[in-house]
Amino acid sequence: MGKMAAAVGSVATLAVQPGEDAFRKLFRFYRQSRPGTADLEGVIDFSVSHAARGTGPGAPKVVKSQLNLSSVSDHDALRAGLEPVSKWQAYGLQGYPGFIFISNPFLPGYQWHWVKQCLKLYSRKPNVCNLDKHMTKEETQDLWEQSKEFLRCKELNKRRPRSLLEKLRWVTLGYHYNWDNKRYSADHYTPFPSDLAFLSEQVAAACGFQGFRAEAGILNYYRLDSTLGIHVDRSELDHSRPLLSFSFGQSAIFLLGGLKRDEAPTPMFMHSGDIMVMSGFSRLVNHAVPRVLPSPEGESLPGCLRTPLPADLPRDSVVDPCSVEDWQVCTSYLKTARVNMTVRQVLAVGQDFPLEPMEENKRDITTEGSCHLDDDNSQVKRARLNPDC
């Protein structure tokens, strides 16, 4: 019966009582899971053949997603470092309308541009990061320059303290989320990166969302011991537009749940280069990342990251060349890390931010019930990573 049939057996002991938090129970199960054992046999892997995924009883059926092939020209896809849309492998899950999973559509080597941007450019001021509350603007002005030599020499001194880039947990772009009042505002904004906006627009258009505007971004920086708590992304004022998620580096387990926490989530792997689009019903469902998975023994990087970015780029490409030095720093970082970019449209066309503060719903903050980045070995636990805690 394949992977999904195995899922039924491997989590059969996790029987859920009526009214119980089924999501939290599965979150804990996968947080403590052991790679190479039956613990992960039930996790959907979109990178393997459809037949290998299986369709066990009670498991959501994997279906092919139809993309809008005419909405993105092959040249525009190339400008963003993507394969022609006709070659993308896109899937959905029965019971999750609006959810699209695109299995690594990036051209060989082109993922390195986006990794480099997350580490070198997007982490710079005036963008906001988790380190700002503990350090001055001068100290966090250029995390890359302060960290690159540490990362390049990492193999020579494994006991050294973590660099600032390795302490980075989140960065916000465009409309910067206010962690205190849980909302965006017009007066807390910096220009959204044009290259990431172009990439997001192509992916959104291919999924049927022409006119998507990239207005806010949250970059998540995971270590191997990091988790992302259960949450819903609802702070954007326009929920009719999709949420786009781009993954790079080490693989992770993603849990896609329902509107309520008593609905058991569906586990799936996110590999380097994978893209997820959450729209419609799936735009407001619970989701989380309970586990980042180290590469198999002897392989420090996924295969798709072992090819450097080509030196000969299209003249109008939004992708910049990557020097050997930059590639070495990014490679060293990703051996024990994962980077995720989420891009959102905050406002509908013609919509403005409300003059009066929106009333906030009180939420019960629990260990797995809030959207926190949690490093098991960190002295500062639960640094907030996503905006809708």
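This is a predicted model: local features need pLDDT of at least 70, side-chain atom pairs count only at pLDDT 80 or more; totals for chains, interfaces and linings use all residues.
Glu145 and Lys148 sit three residues apart in helix 6, which means about one helical turn separates them.

Residues are numbered from 1 along each chain as its sequence is written, and side-chain values use heavy atoms, with hydrogens and water left out.

**Salt bridges**

- By this rule the count comes to 15 salt bridges.
- The cut-offs are under 20% relative accessible area for buried, over 50% for exposed, and partly exposed in between (1.4 Å probe, protein chains only).
- Asp21 pairs with Arg261 in another salt bridge, the closest N and O atoms being 2.8 Å apart. This pair links distant parts of the chain, 240 residues apart: Asp21 is in the loop between helix 1 (2-10) and helix 2 (22-31), and Arg261 is in the loop between strand 9 (251-256) and strand 10 (266-270). Helices (H or I, at least four residues) and strands (E, at least two) are DSSP runs, numbered from the N terminus.
- With 21% relative accessibility, Arg261 counts as partly exposed.
- Arg344 forms a salt bridge with Glu236, and their closest N and O atoms are 2.8 Å apart. Again distant parts of the chain are linked: Arg344 belongs to strand 13, Glu236 to the loop between strand 7 (226-231) and strand 8, and the two are 108 residues apart.
- Arg344 is buried at 0% relative accessibility, and Glu236 is buried at 1%.

- Eight of the eight residues in strand 6 are buried, so to speak mostly covered.
- Ala216, Ile218, Asn220 and Tyr222 point one way from strand 6, Gly217, Leu219, Tyr221 and Arg223 point the other way, and all are buried.
- Strand 5 (residues 170-174) runs antiparallel to strand 6, joined by five bridges; two strands pair if DSSP finds at least two bridges between them.
- Strand 13 also pairs with strand 6 in the antiparallel sense, over eight bridges.
- Leu219 stands opposite Val171, and its bridge partner in strand 13 is Met341.

**Helix 9**

- Asp326, Val329, Cys330, Thr331, Ser332, Tyr333 and Leu334 are buried in helix 9 (residues 324-334).
- Their cover includes helix 5 (111-121), helix 6 (143-152), helix 7 (164-167), strand 6 (216-223), strand 8 (243-249) and strand 13 (337-344).

**Around His271**

- His271 lies in the loop between strand 10 and strand 11 (275-278), and at 21% relative accessibility it counts as partly exposed.
- Leaving aside residues up to four places away in sequence, His271 touches Asp45, Ser47, Ser247 and Ser251, where contact means heavy atoms within 4.5 Å.

Terms used:
A salt bridge is a side-chain nitrogen of Lys or Arg within 4 Å of a carboxyl oxygen of Asp or Glu.
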